[in-house]
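Please look over the sequence and the model shown here before reading on. The report then takes up one part of the chain at a time.

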Amino acid sequence: MSTTGATADPLAALASLPGVAESVESVRKAVDRVYGHRVMRRRSNEITSEAALRGARGSAALSGADWALEEVRRRSDFSGDDDARVVGAALRLTAEAGQLLSIWRQSPLRVLARLHLVAAAGKEDEVGRPRQAGEPVDEPLVELALPRADEAHGRLEGLSELIISGSSAPALITAAVVHGELLALRPFTSHNGLIARTAERIVLVGSGLDPKSVCPAEVGHAELGGGAYLAALDGYVSGTPEGMAAWIAHCGKAVELGARESTAVCEALQRGAA
């Protein structure tokens with residue numbers, strides 16, 4: 001997304017795209033339904049924990065490690081193979097996200113660097129910093145043209161400036177742009193998809209839309225499927241009004257499905273079945 005233009009608040013300007021206002025309203029209603037559930041008043045910590053687990057599973061699935069939820073719940077060792085390491089990284093990122101909310105608005109680049117460090121488990125010297133010219137990127141499921149390192153650095157700085165300066169845009173729009181821009185740029189040598197989805201979660205929680213983190217968009221993205229995810233991302237990368245609106249709507253649907261998942265968890269707890 002270009003961060004230059006006639007408007008001083010480019011994120012807010014996206015709210016006028018066709019269908020975006022409807023997506024924002026639909027997400028708000030879905031989130032309100034979860035927070036209005038009677039179980040949330042008594043057992044919100046359990047819902048948050050379960051949403052974190054399911055969100056990590058969904059994010060890992062989109063990065064190629066599509067494990068059953070019970071397998072994620074059962075396992076304690078995530079070092080055995082590539083899929084296990086992806087699931088482990090997703091779980092670590094989900095746990096770390098809540099510790100970084102207060103830093104995000106002041107220093108998003110610091111948060112992103114920390115997320116990469118956590119995801120990559122601190123190995124090699126390229127961890128915890130944006131990639132440099134000539135360094136390869138391990139993100140096989142995203143086949144978009146890779147921006148040059150200097151372009152990625154510049155756009156990452158622009159995204160950071162947008163976040164720090166603040167916006168009147170609804171949280172869904174900001175979260176979708178952060179998510180889409182990080183996937184488009186792939187600023188790190190690895191784990192960019194996991195990081196982009198974690199950053200989306202940080203925006204949704206930190207904005208106050210989902211303060212208890214019980215509406216895991218990662219669940220919805222996985223449910224909608226990798227093909228739809230990448231097709232919507234193509235729309236974002238195109239930069240056209242239609243493409244941007246389609247990406248925001250896709251992210252909105254993912255949040256709604258995450259909210260629906262936690263509503264189901266609330267119902268199960270109410271019945272004593274979970």
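## Basis of the model

This is a predicted model, in which local features need pLDDT of at least 70 and side-chain atom pairs count only at pLDDT 80 or more, while totals for chains, interfaces and linings use all residues. Residues are numbered from 1 along each chain as its sequence is written, and side-chain values use heavy atoms, with hydrogens and water left out.

Helix α9 covers residues 171-185, and at 1.5 Å a residue its 15 residues should span 21 Å, which agrees with the 21 Å between its end C-alpha atoms. Because 15 of the 15 residues of α9 are buried (under 20% relative accessible area with a 1.4 Å probe, protein chains only), α9 is largely enclosed by the rest of the structure.

Arg 186, in the loop between α9 and α10, has a positive phi of about 45° although it is not a glycine. With 3% relative accessibility, Arg 186 counts as buried.

Ser 213 lies in the loop between α10 and α11 and has a positive phi of about 55° although it is not a glycine. Ser 213 is also buried, at a relative accessible area of 13%.

Notes: Helices (H or I, at least four residues) and strands (E, at least two) are DSSP runs, numbered from the N terminus. The expected span of a helix is 1.5 Å times one less than its number of residues. Buried means under 20% relative accessible area, exposed over 50%, partly exposed in between (1.4 Å probe, protein chains only).
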